[in-house]
Amino acid sequence: MQTKETMMSVKPFAITLDVGTSLANRTGSWRTLKPVYVDRLPPCNAKCPAGEQCQAWLFHAQSGNYENAWKQIIEDNPFPAVMGRVCYHTCQGACNRNGIDEPVGINAVERFLGDYALEKGWQLPVPAADTGKRILIVGAGPAGLSAAYQLRRLGHAVHVVESAEAAGGMMRYGIPKYRLPREVLDQEIARITALGVEFEFGREVKDLNAEMKSAGYDAAFLGAGASLAHRAYIPAGDAAHILDAVSVLRSMEAPDQGEDAPMLGRRVVVYGGGNT
């Protein structure tokens, strides 16, 4: 017959470790290792220059819901048809698939969604109720147009002043037509205009304070852009017929506005091998 002491020394069949050793063995309620959950951006999102949620809209596109994919893109960027043509797709360089086979064709999918939206006539979201606030935007380039779109969505009245004769900034005056057809650019800009954004072309804002007071603006966004070229130092360059690339590209748009195309001559040297 077992005594009380011998009964306590015999382990029940389900216990294989000594009492009090769970901490050392990292078992039971004393476990010292546990998963830590962190919230990080997908690599494609983190590398997108427009801040798009690439992973989110790719999910909708893969599911075949192209309209939801397009709606997800325009939460951040109102120019998917433009971006799908001209972006240098840093997202694809960061794509996880690079370590397996090849990156997802994010840029091509965005171009398809942008063109599909234009074909179907999808419109940007209806603005919120008017806030009574009036905003001045100087410059109708990609920054100014995107700001106008987002501010109008919030219900603010938006007035855009642009020194050129058409909206688009470097999208129009820095990217040639063969890379960005003007009908595509014009259609995506027209959707922003349809929201009720006012445009004034052919005028520069020379005194911001006076402009703000005269029209009673509540705030201003300056999107003057990067229209000045960085010129390389070339000895006696002023004596030669040297043009900066930005000026040449801008002048290529001139015939459409009643101006003469640049007189470049029969032999041209291009200094620099970038996309410009």
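Biologist: Over how many bridges do S1 and strand S4 pair in the parallel sense?
Modeller: S4 covers residues 219-222; helices (H or I, at least four residues) and strands (E, at least two) are DSSP runs, numbered from the N terminus. Two strands pair if DSSP finds at least two bridges between them. Leu136 has Ala220 as its bridge partner in S4. For S1 and S4, which are parallel, the number of bridges is four.

Biologist: What kind of model is this?
Modeller: It is a predicted model, in which local features need pLDDT of at least 70 and side-chain atom pairs pLDDT 80 or more, while totals for chains, interfaces and linings use all residues. Numbering starts from 1 along each chain as its sequence is written, and side-chain values use heavy atoms, leaving out hydrogens and water. The kind of model is thus: predicted.

Biologist: Which strand is joined to S1 by five bridges?
Modeller: The partner runs parallel to S1 and covers residues 157-162. Within this pairing, Arg134 is bridged to Ala157. The strand joined to S1 by five bridges is S2.

Biologist: How many of the five residues of S1 are buried?
Modeller: S1 spans residues 134-138 and is mostly covered. Buried means under 20% relative accessible area, exposed over 50%, and partly exposed in between (1.4 Å probe, protein chains only). Of the five residues in S1, the number buried is four.

Biologist: What volume has the largest pocket?
Modeller: A pocket is an open set of points on a 1 Å grid with protein on both sides within 12 Å along at least five of seven lines; a cavity is a set where a 1.4 Å probe fits but cannot get out, and lining residues have an atom within 4 Å of a point. The lining here has 27 residues, with Leu243, Asp244, Ala245, Val269 and Tyr271 nearest the centre. By class, 15 are nonpolar, eight polar and four charged. The volume, as the space filled by probe spheres set on the points, is about 1000 Å³.

Biologist: Which helix gives the largest share of the lining of the second largest pocket?
Modeller: This pocket holds about 820 Å³ of space, and 30 residues line it, Val86, Met170, Met171, Ile175 and Arg179 being closest to its centre. Two or more lining residues come from each of H6 (80-86), H9 (142-153), H10 (170-173) and H13 (245-251). The lining divides into 19 nonpolar, five polar and six charged residues. The largest share is four residues, and the helix that gives them is H10.

Biologist: Which helix gives the most to the lining of the largest cavity?
Modeller: One cavity of 30 Å³ or more is found in the whole structure, and the largest cavity has about 60 Å³ of space. Its lining includes Cys48, Cys54, Trp57, Cys87, Cys91 and Glu110, and by class has eight nonpolar, one polar and two charged residues. H4 (54-62) and H8 (106-120) each supply at least two lining residues. With three residues, the helix that gives the most is H8.

Biologist: What phi has His89, which is not a glycine?
Modeller: His89 sits in the loop between H6 and H7 (90-94). His89 counts as partly exposed because its relative accessibility is 32%. Its phi is positive, at about 35 degrees.

Biologist: Is Trp122 buried or exposed?
Modeller: Trp122 belongs to the loop between H8 and S1. Its C-alpha atom is separated by 9.4 Å from that of Lys71, 51 residues apart along the chain. The relative accessibility of Trp122 is 15%, so it counts as buried.

Biologist: How far apart in space are Ala143 and Gly168, C-alpha to C-alpha?
Modeller: Ala143 is placed in helix H9. At 43% relative accessibility, Ala143 counts as partly exposed. Ala143 and Gly168 are 25 residues apart in sequence, and their C-alpha separation is 9.5 Å.

Biologist: What distance separates the C-alpha atoms of Pro262 and Leu249?
Modeller: Pro262 lies in the segment after H13. Its relative accessible area is 25%, so Pro262 is partly exposed. Along the chain, Pro262 and Leu249 are 13 residues apart, and their C-alpha atoms are separated by 9.6 Å.

Terms used:
Nonpolar A, V, L, I, M, F, W, Y, C, P; charged D, E, K, R; others polar.
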